[in-house]
Amino acid sequence: MFKNYITTAFRNFKRNKLFALINISGLAIGISAALIIYLIVQYEFSFEQFRHDKDRIYRITSDLSFAGGERFKNSGVPMPMPEAVRKEVTGIDILTHFVTANETKVSIPGNGVQPATNFKKQADIIFADENYFKLFQQERIAGGSNASLKQPMQVILTESRAKAYFGSLPAAQVLGKQVVYDDSIRTTVIAVVKDLDVSTDFNFKEFISLSTITETALKENYGVGEWGSINSNSQAFVKLMPNIAASQVEKQFPALRDKYRTKSEDPNEKDDTKNWLQSLTDLHFTSEYDTFGRHQAHKPTLYGLLAVAVFLLLLGSINFINLTTAQSAQRAKEIGVRKTMGSSRKQLMVQFLSETTILTLVATILSIAISPWLLHIFTDFIPKGISFSSINQLHVWVFLLLLVVVVSLLAGVYPALILSRFQPVSVLKNNTNAGGTNSGRVWLRKSLTVTQFVIAQFLVIATLVVSKQIHYSLHKDLGYKKEAIVTFNTRWNFFSDKVDNRRFELLEKLKAIPEINKVCVAGSAPASFSTSSTTLKLEDAGRKVESMVEVKSANADFFSIYGLDIIHGRMLRPSDTALEYVINETYARALGYAKTEDAVGKMIEKN
C-alpha cells in the first residue's frame, strides 16, 4: 500500500511539474531559513551551558557615575578588590581573579641544538590566580592537580598552544620548559590542559600566574592596591554557596568599598562606583559589559530571527495549501474513481499527506544542499563558530525531522481533508462544489491568501525599516571627520614596566611619507569605546565639584585630523605631560557653568 502511495505521488508530480517546483521552492526557502536560524540561535544559547553549577557563578562588575549623571558599566573591578572580597564578604564559595592581557610577543628559548623561536602578536593570554581552574575546569593532560599558579613566573598552556610552541613534544615533556613574554617575563610551564571544544567565552590559551604581576615591578602598570582605578582587564568571578542569593552578596559591597576607597575632604561626597553580580549565563548576552573583547549575542534579535523563521515557514505552508486547493478540480475525477473503486476517506488522506511529506522531504534535502551557499553569503552576520559541519549534530537532525513532520502536517492536513471529502457521484457529474462545504472552504482560502500577503508585506516593510536604519547609521553626522583616516595601535608593553618610546620614531617616519597629509600619536578615535576614567576635582569660588570623568589622550594634531571644533578657548599646547584639558559642553555644565565659556581657564585637579 505504501509503495502505491509513493508511486501515485511521483506520477502526480510528473504530471504537474510546475506545481511541484513552486511548492518545493517555497518550502525549501522556509526550511533553509529555519535551519540557519536554528543553528544560530542554538549556538548562541549554548554558551556556558555545559558548566556545573553555572547558576551559582557570577562576575563582579562596576557601574560608574560620570559628570552630568551619565552611567558607565565596566566589566572590571579594582585590582585589590577581589582579595578583599575573598576575605571579608560572606556567602562566597570560590573566587577567582584574573587579568586579561593584550597581544604580545612570545619567545621560546633555544637549547643549544634548536634556535630560539619567536611568535608575534599572541592573543588569549591571561594572568590567573590559583582558583581559576577550580571555577572554570579544564581537563589536565600533564601536570598534577597541585599545579595551581600560586607562585610567580609560572604558566599553564592549552594543548594547542603547547603544540604551537614545542611541536610534537609530548605534553609531559613540555613541563619545565621556559616561555618568555615580551622579552621581559620568563615563565616555567607547570601544566598542560585540553582546549575547550564547547561554546564558551573563556577560550584562553595561556595562563600566567597572577602573582607575576602583584609580586614584581609590573604592579606599577596595573594599579595594584588602587581602589580608584578600574580597568576591564581586571576580572573577578565568584561561585556562591548553595541557597545564597546574589542580592545577599551585593549588599555587602558598599561597606567594603567605603572601608578601602580613598575619600576626599568633603563629608557629603558620595561613592560614584557601585558593584553588582552578573550571572555567568547572561555574560554572552549583556552588551553593557564586554566579554574579553569577544562576540556577544542579543536576545531580542535572536527572538526576532525565530519569528522570521516561523513567518517564512508559514508563507511556504500557506502557499502549498492555496495551490493544492486551487488544483482540487484537476484531481476531482481521480478522487471520484478511487472512491468508486473502494478507497476510503482515510486512505485518500494518507495518499495526499504522503505527497506533502515527499515534497517536504525533497525541499528539506534542497535546503541542506543550499545551506553552505547561504552561510557563505551571510558570513559577516553569522558567528564564526557556525559552519556547514555544524549540521552534522544529533540535535540538528532531530530538529530537521521534527520540521518535516510539522510542515507536512501544517501544509498537508487541510488540503487532504478538502480533497478526500469530494463525493463520487457529484465529482463524476463535474459538480465539485457539492457537499455543502464550499462557502466555508472559500472563506478559509481567502483568509489564508490575505494572511500570506500580510506576512509578506510585514517582511518587506521590516526590510525597508532596517535598510533606513542602516543608511542613517552610515550617513549620520557624528561631529567629526572619518573619511580617509586610518588608525592602528602601537606597541604597548603589557608585560614590562619599561616605556617603549619607539612610537615617536614611527611618527617621524610616517610624516616623511608624501601621501600622508597629517599624522599624530594619541588615544583612540572619538567614537571608540576604548576609554579610561578618572576622578577630577574643581574648586572655584568656594565650590567643590568632584566627579568621575571619561578621558581620552589627545593633542592639537588629534583635533585637526578629526576636524573637532573648539567652541571656546584655544587648542592644546604641545607637552609631554598632562597640563591642560579640553572638555566638552556636557562636562562644563556638570561643573555648574550655565555659560560653558566660563569654564575656560579654571583649574581642575586629578584626584
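**Close-up views of a predicted model**

**View 1. Contacts of L403 and the largest nonpolar core.** Setting aside residues up to four places away in sequence, L403 touches I31, A34 and L313 in this model, which is predicted rather than experimental. L403 also belongs to the largest nonpolar core, which holds 35 residues, and together with L35, I386 and V396 it is among the members that touch the most other members. Four helices, namely α2 (17-45), α10 (299-326), α12 (345-377) and α13 (394-420), each supply at least two residues of this core, and the helix that gives the most to it is α2, with 14 residues.

**View 2. The packing of helix α3 against helix α9.** Helix α3, which spans residues 81-88, packs with helix α9, residues 253-260, at an angle of about 120°, and the axes of the two helices are 11 Å apart. Because of this angle, α3 is oblique to α9, an angle of 65 to 115 degrees being what would count as roughly perpendicular and one over 145 as roughly antiparallel. The crossing in which α3 passes α9 is right-handed. On the α3 side the contact involves M81, A84, V85 and E88, and these meet F253, L256, K259 and Y260 on the α9 side. Sorted by class, the residues in the contact of α3 with α9 are six nonpolar and two charged, with no polar residue.

View 3. Q452 is located in helix α15, which runs over residues 438-475. With a relative accessible area of 18%, Q452 counts as buried, because the cut-off for that class is under 20%. Once neighbours within four places in sequence are left aside, the residues in contact with Q452 are L315, I318, N319 and N322.

**View 4. The chain as a setting for the close-ups.** The predicted chain contains 18 helices and 16 strands, and 42% of its 607 residues count as buried. Among the contacts in the chain with a separation of 6 or more, 75% are accounted for by residues 24 or more positions apart.

Technical notes. Residues are numbered from 1 along each chain as its sequence is written. This is a predicted model: local features need pLDDT of at least 70, side-chain atom pairs count only at pLDDT 80 or more; totals for chains, interfaces and linings use all residues. Side-chain values use heavy atoms; hydrogens and water are left out. Axes are lines fitted to C-alpha atoms, for helices over the stretch in contact, and angles run from 0 to 180 degrees between N-to-C directions. Angles under 35 degrees count as roughly parallel, over 145 as roughly antiparallel, 65 to 115 as roughly perpendicular and the rest as oblique. A crossing is left-handed if the near helix is turned anticlockwise from the far one by less than a right angle, and right-handed if clockwise. Contact means heavy atoms within 4.5 Å. Ala, Val, Leu, Ile, Met, Phe, Trp, Tyr, Cys and Pro count as nonpolar, Asp, Glu, Lys and Arg as charged, and the others, Gly among them, as polar. A nonpolar core is a set of buried Ala, Val, Leu, Ile, Met, Phe, Trp, Tyr and Cys residues joined through side-chain atoms within 4.5 Å. Buried means under 20% relative accessible area, exposed over 50%, partly exposed in between (1.4 Å probe, protein chains only).
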